[in-house]
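Here are my notes for when you have the model open.

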Amino acid sequence: MSNQRYLQGLAKLTEIDGEAGEKVINSLANICPDLGKYIIEYPFGDIYQREGLDLKTRELVTVAALTALGHCQPQLNVHINGALNVGCAPQEIVEVILQMSVYAGFPAALNGMFVAKAVFAERELSVV
């Protein structure tokens with residue numbers, strides 16, 4: 001079962017994040033490969049495989065959570081890219097981050113918005 005979880009998780013990670021997710025996993029190989037394995041198996045092999053939410057919704061929720069935490073800019077970068085990869089519009093991402101200003105505060109929303117701005121610039125996307 002564990003091998004199946006890993007393979008399903010790796011496929012889902014690739015579907016959402018492309019090479020970026022794999023780079024994160026590979027960066028753990030020389031310090032804690034088990035953490036990379038757990039990331040693939042649990043979030044992407046189990047949670048992302050569940051019915052009930054589509055990938056677009058899961059990524060928007062993840063963007064909201066990482067924004068609210070306020071200190072996860074590298075992970076937020078990956079998941080904003082992931083949200084775009086699964087069909088989210090830049091404006092939807094901006095609105096989710098703006099919504100977090102109400103519940104997580106302006107500093108968290110500012111941090112999130114600057115990550116989004118960098119991702120959009122890198123991908124040559126505009127919002128306004």
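1. Start with residues 33–117. In this predicted model, the span is 78% helix and 0% strand, and its end C-alpha atoms sit 32 Å apart. UniProt lists these residues as "domain: Carboxymuconolactone decarboxylase-like", in an unreviewed entry. That label comes from the record and may be inferred rather than shown by experiment.

2. Next, have a look at helix H6, which runs over residues 90–103 and has 14 residues. From first C-alpha to last, H6 reaches 21 Å, close to the 20 Å expected at 1.5 Å a residue.

3. Which residues of H6 are buried? They are Pro90, Ile93, Val94, Val96, Ile97, Met100 and Ser101. Seen down the axis of H6, these buried residues fall within an arc of 160°, so they line one face of the helix. The general rule is handy here: an α-helix has 3.6 residues a turn, so residues three or four places apart point the same way.

4. What does that buried set pack against? Just after H6 comes Gly105, with a positive phi of about 100°.

5. Now over to helix H5, where you'll find His79. Is His79 buried or exposed? His79 counts as buried because its relative accessibility is 12%, and the cut-off for buried is under 20%. Leaving aside neighbours within four places in sequence, His79 is in contact with Phe44, Tyr48, Glu59, Thr62, Val63 and Leu66.

6. Cys88 is in no disulfide either; its nearest cysteine sulfur is that of Cys72, 19 Å away.

7. One last thing about those cysteines: how accessible are they? Cys72 has 10% relative accessibility, so it counts as buried. Cys88 counts as buried as well, because its relative accessibility is 5%.

Methods: Residues numbered from 1 in each chain as written. Predicted model: local features only at pLDDT ≥ 70, side-chain atom pairs only at ≥ 80, totals over all residues. Heavy atoms only, no water. Buried < 20%, exposed > 50% of the residue type's maximum accessible area, 1.4 Å probe, protein only. Disulfide = S-S within 2.5 Å. Helix = DSSP H or I, 4+ residues; strand = E, 2+ residues; numbered from the N terminus. Expected span 1.5 Å × (residues − 1). Arc of directions from axis to C-beta. Contact = heavy atoms within 4.5 Å.
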